[in-house]
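Please look at the sequence and the structure first.

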Amino acid sequence: MKKLKKFPSVIVTLFLLSLTIEAHAHGDVTPHPVDTTGLDPLGAEWIVPNPYRGNDKAVAIGAVGYLHNCAGCHGLNAVSGGVAPDLLKLDNECLDLASKLKQAACLKDADVYFKDITLNGKKNGEGRSTMPGYAGVFTQEAVWAVRAYVDSRTIEERAKKPY
Ligand code: HEC
């Protein structure tokens, strides 16, 4: 009986493992557009800091955008598996600052950093792309929605334990 009970979880584990292996093996990192219907349009000029910070609808839309585009490397639910940097660490330093004013300035800088890397991607020393750029596929609304999602996940994780 014990063996039978354990069986399903083994299958689930194997299935999840195969998904992970597939994601890495196929390396499907083609940027996918994010449907931002329902969010206030932001226009062509970049607005900083992120105008969607704390906006629940943007967080939900950003979660989908993140899942389709970033999770393969940065981890499901923005919990890094070590393949790519832990995005939850980006805001941490800022949120540790006691002054709200300094916190806001720090988050604004982190927004700009996040936006620039998301749009342009990253290359290693030999010029090989380590992260795709999303410029041309992500609208401003999409970038800030994904950023709002990462922000909200950071706050969630900090509530559970000191990060
Ligand atoms: C193919 C894997 C891959 C995908 C897909 C990917 N990234 Fe990355 N990302 C990386 C790697 C690798 C780095 C580190 C690159 C380096 O420093 O050279 C990185 C770095 C970053 C950084 C800087 C992190 C830091 O601590 O300095 C941000 C921000 C970032 N990615 C955001 C995103 C977002 C947002 C998405 C989805 C829209 C995304 N990435 C999709 C692999 C990926």
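## Lys108 and helix 5

Lys108 is found in helix 5. Helices here are DSSP runs of H or I with at least four residues, strands are runs of E with at least two, and both are numbered from the N terminus. With a relative accessibility of 36%, Lys108 counts as partly exposed. Buried means under 20% relative accessible area, exposed means over 50%, and partly exposed lies in between (1.4 Å probe, protein chains only). Between the C-alpha atoms of Lys108 and Asp91 there are 9.9 Å, and the two residues are 17 residues apart along the chain.

## The model and its elements

This is a predicted model, in which local features need pLDDT of at least 70 and side-chain atom pairs count only at pLDDT 80 or more, while totals for chains, interfaces and linings use all residues. Residues are numbered from 1 along each chain as its sequence is written, and side-chain values use heavy atoms, with hydrogens and water left out.

The protein has six helices and two strands. Their order from the N terminus is α-α-α-α-α-β-β-α. The protein has 163 residues, of which 34% count as buried.

## The iron site

Which residues coordinate the iron atom of the ligand? They are His74, through NE2, and Met131, through SD, at 2.0 to 2.2 Å. Donors are N, O and S atoms within 2.8 Å of the metal (3.2 Å for Na, K and Ca); water is not among the atoms, so sites may look incomplete.

The six donor atoms around the iron atom of the ligand subtend angles of 84 to 179°, so the arrangement is octahedral. Six donors count as octahedral if opposite donors are over 155 degrees apart and all others between 65 and 115. His74 belongs to helix 3 (residues 71–74) and Met131 to strand 2 (residues 129–131), so the pair ties together parts that are 57 residues apart in sequence. Both residues, His74 and Met131, are buried.

## Around the ligand

There are 19 residues around the ligand, and those that come nearest are Cys70, Cys73, His74, Tyr113 and Met131. A residue is near a molecule if one of its heavy atoms lies within 4 Å of it. Two polar contacts can be described, a polar contact being a pair of N or O atoms within 3.5 Å. A polar side-chain atom of Tyr113 is 2.4 Å from an oxygen atom of the ligand, and a polar side-chain atom of His74 is 2.8 Å from a nitrogen atom of the ligand. Helix 3, helix 5 (100–120) and strand 2 are the elements that give two or more residues to the shell around the ligand. Helix 5 gives the most, with four residues.

Cys70 is located in the loop between helix 2 (56–69) and helix 3. Its relative accessibility is 12%, so Cys70 counts as buried. The C-alpha atoms of Cys70 and Pro132 are separated by 9.8 Å, although the residues are 62 residues apart along the chain.

## Backbone details in the loops

The peptide bond from Val48 to Pro49 is cis, with omega near -5°. Pro49 lies in the loop between helix 1 (2–26) and helix 2.

In the loop between helix 3 and helix 4 (92–96) is Asn77, a residue other than glycine with a positive phi near 55°. Ala78 lies in the loop between helix 3 and helix 4. Ala78 is not a glycine, but its phi is positive, at about 60°. The relative accessible area of Ala78 is 1%, so Ala78 is buried.

Methods
Four donors count as tetrahedral if all angles lie between 85 and 135 degrees; four count as square planar and six as octahedral if opposite donors are over 155 degrees apart and all others between 65 and 115; anything else is irregular. A polar contact is a pair of N or O atoms within 3.5 Å; within protein, one must be able to donate a hydrogen and the other to accept it, and residues adjacent in sequence count only if both atoms are side-chain atoms.
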